[in-house]
Amino acid sequence: MTPHRVVALAIPPQSTFELACAAEVFGLSRHGLPSHYAFSVCAERPGHIATLAGYDMTVSQGLDALQTADTVVIPGLQCRQEPAPPAVLDAVRRAHRRGARIVAICSGAFLIARAGLLDGRQATTHWRMAAEFAARFPKVEVEADMLYIDLGDVATSAGTAAGIDLCLHLVRADHGAAHAAHIARHMVMPPHREGGQLQYAASARTDAPPDSLAAVLEWAVEHLHEPLTVDDLAARVAVSPRTLARRFTEQLGTSPGRWLLHQRVMAARILLEDTDLAVEAIAAKVGLSTATNLRRRFHATVRTTPAAYRRAFGRRPQTPAG
């Protein structure tokens, strides 16, 4: 199978971290995992490209590389107050018209908006830039609390680490939850972060930080097959359900019930990909009780049925999923 071609567009001075987000997810070959992507970097003018880290990098490809890309990544735009080069805007527009997926990390959303690809649509960027972005591009519906937004043909993310969240999400959409989880495990990070970015934008606290939820989260994931409730989680850490809900909001930006449901659906996705278990058995293993409940919850979250998901991402011959 021909690899999916991912091309990152370097715009000096280039942020090394945002570029590395895309390179880490799409550009590395990992032992035991199939390589689904071919990754490269281009620039308007090939040669030495200045970075924010105080060194130059050498880029050999020009804008022509965008015309054969399946996904174009804009890994930040540091000089966002300055007009974007017309040749760059034209190359991005032509790639989009041809059917390439356009992905912006952090301030890269400014370039996509200047290209007119976000008019009348939702987008996000780093929370510190959200007000500036909204003022500069009034036709864009800015969602300042989102870690990322995927519109199918165009995707945007919040700052720095949210670029990894978006790239892993795209892998999950392309090749399934199990493959994305394997990549995340190699990177020693969660395959999906809960909540929005504004949990990270809060002012520094002067009192003691809240007790970490890490232990109860790990325990819950190991006991998804049990009929866990919010009361069970609260009892595990010896607090009231109300206190637990407050800690979830502070630390994860979501509620205990929503977090628990998301973990169950993610576990179901992986079982649909990697096993031939029937839907009834999967429902029992992830704590959703019945096949009917699993199908309803799965469709509400993933927007497809377990059977369709297994046909798209199953790794081995399967028995009917229902």
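This is a predicted model: local features need pLDDT of at least 70, side-chain atom pairs count only at pLDDT 80 or more; totals for chains, interfaces and linings use all residues.
Before you start: residues count from 1 along each chain as its sequence is written. Local features need pLDDT of at least 70, side-chain atom pairs count only at pLDDT 80 or more, totals for chains, interfaces and linings use all residues, and side-chain values use heavy atoms, leaving out hydrogens and water.

**Exercise 1.** Find which residues the cis peptide bond with omega of about -10° joins.

*Solution.* Step one: go to P12 and P13, which are joined by that cis bond. Helices (H or I, at least four residues) and strands (E, at least two) are DSSP runs, numbered from the N terminus.

**Exercise 2.** Work out whether C106 is buried or exposed.

*Solution.* Step one: find C106 in the loop between strand 6 (101–105) and helix 3 (108–114). Step two: check its backbone; phi is positive, about 55°, though C106 isn't a glycine. Step three: C106 has 4% relative accessibility, so it counts as buried. Buried means under 20% relative accessible area, exposed over 50%, and partly exposed in between (1.4 Å probe, protein chains only).

**Exercise 3.** Show where the buried residues of helix 7 sit around its axis.

*Solution.* Step one: in helix 7 (residues 214–222), pick out V216, L217, W219 and A220, which are buried. Step two: they span an arc of only 165° around the axis, so they're on the same side of helix 7. That arc uses the directions from the helix axis to the C-beta atoms. Step three: look at the other side, where A215 and E222 are exposed.
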